[in-house]
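Have the viewer open and follow along.

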Amino acid sequence: MRKSPVYRKLRVCVATCNRADYSKLAPIMSGIKFHPDEFELEVVVLGSHLIDDYGNTFRMIEQDDFDISSKLHTIVRGEDEAAMVESVGLALVKLPDVLQRLHPDVLIVHGDRFDALALATAAALMNIRILHLEGGEVSGTIDDSIRHAITKLAHYHACCTRSAEQHLIAMCEDHSRILLAGCPSYDKLLSVHDREDYKDIIKCWLVHDLIKSIDACFALVVLKNNIFPIFDICFPTLEMVRVMRKKGIEQHPNFRAVKHVPFEQFIQLVCHAGCMIGNSSCGVREAGAFGTPVINLGTRQTGRETGENVLHVRDADTQNKIYHALELQFGKRYPCSKIYGDGNAVPRILKFLRTIKLDEPLQKTFCFPPVKDSFSQDIDHILETQSALAVDLGGTNLRVAIICMRGNIVKKYTQPNPKTYEARIQLILQMCADAIRDAVVLNCRILGVGISTGGRVNPQEGVVLHSTKLIQEWSSVDLRTPISDALHLPVWVDNDGNCAALAERKFGHGKGVENFVTIITGTGIGGGIIQHHELVHGSTFCAAELGHIMVSLDGPECMCGSRGCIEAYASGMALQREAKRLHDEDLLKVEGMDMKLVEPVTAVHLINAARLGNSKAEAVLNTASTALGVGITNILHMVNPSLVILSGVLASYYQAPVQHIISSRALSSTQGIKIVKSDLEEPALLGAASMVLDYTTRRIY
């Protein structure tokens, strides 16, 4: 009889270096401690926790009822870079004995401090699995390099934002070992920030009962010889001390410096502060959860995702700039942001820890793009292999294609578009999964997924806000999240008209053109506007609803509910409507026109009838061409592009009459603008692919 494997608890070592990382690690430590049947917790304390100048904050760990397995004095005193290097070296000397004694299965390290780099280096060299918190983020100074170095040493990653997750994937980390968890500190701050006794807490820290204060967590602020009510919770550096003494700040009644504030009380101060100012990550991360206004000074946090509560003063070289920033920010309240977490990070991380298999090989592997031979670095090979999955969500069919960097469609898949949300999502995932499998055989490296769909789209969130009548039950739908989560790939979503413009910018007549407009002439009328090489979305994401430009005060009814829109005159549906009217009145068919009795009447029949001399059909098409031409003339007068590209099935018919109308009706300064027909056969798919391919080639979309 086969014996079942022996179960043992996972031995987890949490290493904390300072009070900032402890605020992120403490909720995880509590979660691990709460499950003693599954985990064995070891705590290592080092760094500034053991320095009196920083408040000997190891005591708060003991007060939180955690047993400290080892304390390591690793800080070399000094204010220069050499002291930092020496501190790393001292930590590397002391850590091996501790790690060898504790022998953890997993070491949890946080962030981007030099202490964490020493921990990760020692653990990696001693073949200990590493779980890194908050990797993949971007900021300024040396922190970025340290954070990314720890990422390369770590075996597992628990990141806070979707952008960070995508950065980790782009750094060739195994996406199966990346957890989008959110920030663990949010689990605590979102649960305890709304306390009834917050005024008492604030009063115990502030002088003169200043409830509304400026919370200068990280810097001293002296403005025009006036000191605002200041509360500095970070023990100042020697340089700051010198400045304070020179300015006499220490004697001011509104100033107070302390070495440490307990996290629960700190939360109340942040939540109710009139403003925060400085360069700490606390301002761009935790403060956003409460909508507290923040002034971020300098470049240390450059690249971090922030909510609208953060005002950047990157070149903080004068007191005047900071003063004006304070005037703008102080006392405001912003919507609470959940960019960095939703309060459920710890359960996700514990679940992630349970999936770690200790019998798997310890050697870390990276997900590099496939390389065959030395020619893989040739630019032609890159253009042929780096590819995107393009999805066109049409009213009738759902199409998926593998498209390479050159714009070639390597393989295309087509299925009827289901009617319900669940069925559509399921079919998209199935077709994309099939395409990903085929891409391996076709030697295509899939970089991401681009989706083109009808209606109004928020491309920043990947949400379809309002769809067209062709796709029912498709409003306020998040396409990005379920598809990205299932495929482990970044996903971009945009309107089909905008995608057509993007396709022209990358592969068509718009390549290299700074300002142009693309107009789709198909079942409906749509398009996209490119200004200064970038797509224009507008404040509510409907900047290029070109089909709904009104050209008549009392024209035919449009599907949008209005009258006199271009689409009501010149779209395929409008022409089909007029063709059916003429057919019902027996005014459509003329001699030489081949038309079967059972054949449905379409716009094609109207065009054929006009070409064979049918005056009624000619009149309808003349009205449609005039409406489209007048609408495009209005566009020329509003955005003044240097080129107009007609796309869609009716483009070849409309090109000449529209050019004629512009020549006769537009202002003289715009009459020479060319109207060209698109050469692209699949603008929606190519545009969807370009969103992915442009991002990978460092374009900002």
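Val410, Val440, Val441 and Leu442 together make a nonpolar surface patch of about 370 Å². Patches are made of residues with over 30% relative accessible area and no salt bridge, with like charges joined within 9 Å and nonpolar side chains (Val, Leu, Ile, Met, Phe, Trp, Tyr) within 5 Å. A salt bridge here is a side-chain nitrogen of Lys or Arg within 4 Å of a carboxyl oxygen of Asp or Glu. Accessible areas come from the Shrake-Rupley method with a 1.4 Å probe, and for residues only the protein chains shown count as cover.

Val410 counts as partly exposed, because its relative accessibility is 34%; buried means under 20% relative accessible area, exposed over 50%, and partly exposed in between (1.4 Å probe, protein chains only).

## What kind of model this is

This is a predicted model, in which local features need pLDDT of at least 70 and side-chain atom pairs count only at pLDDT 80 or more, while totals for chains, interfaces and linings use all residues. Residues are numbered from 1 along each chain as its sequence is written, and side-chain values use heavy atoms, with hydrogens and water left out.

## The chain as a whole

The chain holds 23 helices and 24 strands; helices (H or I, at least four residues) and strands (E, at least two) are DSSP runs, numbered from the N terminus. Of its 701 residues, 52% are buried. The chain exposes about 32400 Å², and carbon and sulfur atoms supply 53% of that area.

Among contacts with a separation of 6 or more, 64% link residues 24 or more positions apart. Contact means heavy atoms within 4.5 Å.

Helix H4 (residues 114-125) has twelve residues and reaches 17 Å from its first C-alpha to its last, close to the 16 Å expected at 1.5 Å a residue. That expected span is 1.5 Å times one less than the number of residues. Buried residues in H4 include Phe114, Asp115, Leu119 and several alanines, among them Ala116 and Ala118. Their cover includes strand S1 (10-16), strand S2 (39-46), helix H3 (81-102), strand S4 (106-110), strand S5 (129-133) and helix H5 (143-153).

Asn127 sits in the loop between H4 and S5, and its phi is near 60 degrees, a positive value in a residue other than glycine. Asn127 counts as exposed, because its relative accessibility is 56%. Asp586 also has a positive phi of about 60 degrees although it is not a glycine. Asp586 lies in the loop between helix H19 (572-584) and helix H20 (603-611), and is exposed with a relative accessible area of 66%.

## Strands and their partners

Strands S16, S17 and S18 form an open sheet in that order, with antiparallel pairing; two strands pair if DSSP finds at least two bridges between them. Strand S16 (456-458) and strand S18 (477-478) stand at the edges with a single partner strand each, so one side of each has no neighbour in the sheet. Two bridges join strand S17 (residues 463-466) to S18, and Val464 has Val477 in S18 as its bridge partner. Elsewhere, strand S15 (residues 445-453) pairs with S19 in the parallel sense over five bridges. Strand S19 (residues 491-495) is largely enclosed by the rest of the structure, because five of its five residues are buried.

Another open sheet has five strands in the order S22-S21-S20-S23-S24, with mixed pairing. Its edge strands are strand S22 (534-535) and strand S24 (674-677), each pairing on one side only. Four bridges join strand S23 (residues 643-647) to S24 in parallel, and Ile675 in S24 is the bridge partner of Val644.

## A buried glycine

Where is Gly288 found? Gly288 is in the loop between helix H11 (281-284) and strand S10 (294-297), and counts as buried at 6% relative accessibility. The C-alpha atoms of Gly288 and Asn309, 21 residues apart along the chain, are separated by 6.4 Å. Leaving aside neighbours within four places in sequence, Gly288 is in contact with Gly283, Asn309, Pro335, Cys336 and Ser337.
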